[in-house]
Amino acid sequence: MSLSAAVIGTVFIDCKGFARDSYIPTGRNLGSIQFVHGGVGRNVAENLARMGVPTRFVSSVDAAGLGQEVLLRLRRTNTDTQYVAEAEREGMGMWLAVLDQAGDLAGSISQMPDLSAMEQMISQRGDEIVRASSHIMLELDLNANISRTVLKLAKEHGKPVYGIPGNLDVVMSHPELMSGLACFICNHVEAERLLGTPVHKLDESGQRDAMLGYMRQSGLASLVVTLGAEGSLYAVAESGEFGKQSAFPVNVQDTSGAGDAFFSGTAMGLMRGLALKDAVVCGTKVAGWTIESPENNCLQLDSLMQKDEIIQSLLVK
């Protein structure tokens with residue numbers, strides 16, 4: 001089967017207001033307002049499509065204007081959106097944020113999406129989606145029923161599933177889900193909750209023992225923990241392999257979407273047959289390019305990948 005990814009996850013729209021002068025909470029404030037397309041699943045789907053991976057996105061959006069803008073942008077990257085359900089309301093999440101004159105968050109309100117339309121899509125067409133895909137990218141914190149259904153179908157059809165967390169609520173309540181994953185990628189804060197220890201503060205031997213110990217207990221095949229500017233840790237249960245990947249120098253513009261970009265680049269590498277230690281190099285590169293971008297996604301991923309000697313040397317092995 002030719003390579004193709006099914007990305008199952010959420011869409012969010014970020015509405016950000018930037019105060020021009022000293023922010024007055026109870027008054028009127030002049031400034032600028034931006035709408036930014038986001039959401040873990042949506043970010044990953046766009047990243048993979050921009051890297052040339054045939055991608056089908058499984059999600060939901062509002063049937064109104066903003067939802068249509070999300071679909072239009074994804075279609076421009078050649079993402080298959082036929083499995084994105086359109087809901088009358090709350091088909092996607094919203095995040096309203098106000099930033100003060102220094103760029104610091106002054107207040108925010110989050111609206112979580114109603115997952116019923118996505119759940120119905122997976123119930124009705126999940127088998128079709130999984131059968132048609134070579135690899136599954138799953139945002140694990142949708143709800144337990146969606147995750148169980150996807151993992152069951154993936155096992156039946158022999159398709160590897162790469163997991164990324166949203167808020168860890170589902171994962172912490174249903175740890176058995178981890179045994180169905182070929183790889184799980186999270187940040188060090190999430191890893192501390194998952195492993196029960198601050199893995200980023202341990203020495204190398206402690207990090208290796210903590211990660212491999214958790215994997216033996218949970219049945220997880222491989223685990224990657226991102227450490228921000230310190231790079232990332234990776235481990236493989238079967239071989240006992242453990243290592244650290246350093247970050248590459250970047251000019252920071254906006255760190256939004258960096259974790260989703262790291263996941264996307266690593267997943268792309270794994271899909272292309274790279275060992276985990278090489279796949280995380282791809283993830284590190286894609287995260288760095290995204291950090292240097294003012295958006296949640298780097299719009300030049302394809303050209304940057306083609307020009308990057310490190311990634312090209314790995315992909316042609």
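# Helices, sheet and burial

Visitor: Which hand does the crossing of H8 past H9 have, left or right?
Guide: In this predicted model, H8 passes H9 in a right-handed crossing. The term applies if the near helix is turned clockwise from the far one by less than a right angle. Helices here are DSSP runs of H or I with at least four residues, strands are E runs of at least two, and both are numbered from the N terminus.

Visitor: At what angle do H8 and H9 pack?
Guide: Helix H8 (residues 258-271) and helix H9 (residues 276-291) pack at about 145°, with axes 7 Å apart. Axes are lines fitted to C-alpha atoms, for helices over the stretch in contact, and angles run from 0 to 180 degrees between N-to-C directions.

Visitor: Which residues make the contact, and how do they divide into nonpolar, polar and charged?
Guide: Contact means heavy atoms within 4.5 Å. On H8 the residues include Ala258, Phe262 and Met268; on H9 they include Leu276, Val280 and Ile291. The contact of H8 with H9 holds 12 nonpolar residues, six polar and no charged. Nonpolar covers Ala, Val, Leu, Ile, Met, Phe, Trp, Tyr, Cys and Pro; charged covers Asp, Glu, Lys and Arg; the others, Gly among them, are polar.

Visitor: What are the ground rules for the model?
Guide: Local features need pLDDT of at least 70 and side-chain atom pairs 80 or more, while totals for chains, interfaces and linings use all residues. Residues are numbered from 1 along each chain as its sequence is written, and side-chain values use heavy atoms, leaving out hydrogens and water.

Visitor: Why are S5 and S13 said to stand at the edges of the sheet?
Guide: The open sheet has nine strands in the order S5-S4-S1-S8-S9-S10-S11-S12-S13, with mixed pairing. Strand S5 (80-87) and strand S13 (242-245) each have a single partner strand, so one side of each lacks a neighbour in the sheet. On average, neighbouring strands are turned by 15° against each other, direction ignored.

Visitor: What makes S12 and S13 count as paired?
Guide: Pairing takes at least two DSSP bridges between two strands. S12 and S13 have four, in the antiparallel sense. Tyr234 stands opposite Gly243 in S13. The two strands form a hairpin with five residues between them, and Gly240 in the turn has a positive phi of about 75°.

Visitor: In which sense do S8 and S9 pair?
Guide: Strand S8 (residues 135-139) and strand S9 (residues 161-164) pair in the parallel sense, over four bridges. Glu139 has Ile164 in S9 as its bridge partner.

Visitor: Why is Ile122 called buried?
Guide: Buried means under 20% relative accessible area, with a 1.4 Å probe and protein chains only. Ile122 has 5% relative accessibility, so it counts as buried. Ile122 is found in helix H3 (residues 116-131). Ile122 touches Ile8, Val58, Ile146, Thr149 and Val150, not counting residues up to four places away in sequence.

Visitor: What makes H1 mostly covered?
Guide: In helix H1 (residues 40-50), 10 of the 11 residues are buried. Among them are Arg42, Glu46 and Leu48. Gly52 follows H1, with a positive phi near 85°.

Conventions: Buried means under 20% relative accessible area, exposed over 50%, partly exposed in between (1.4 Å probe, protein chains only).
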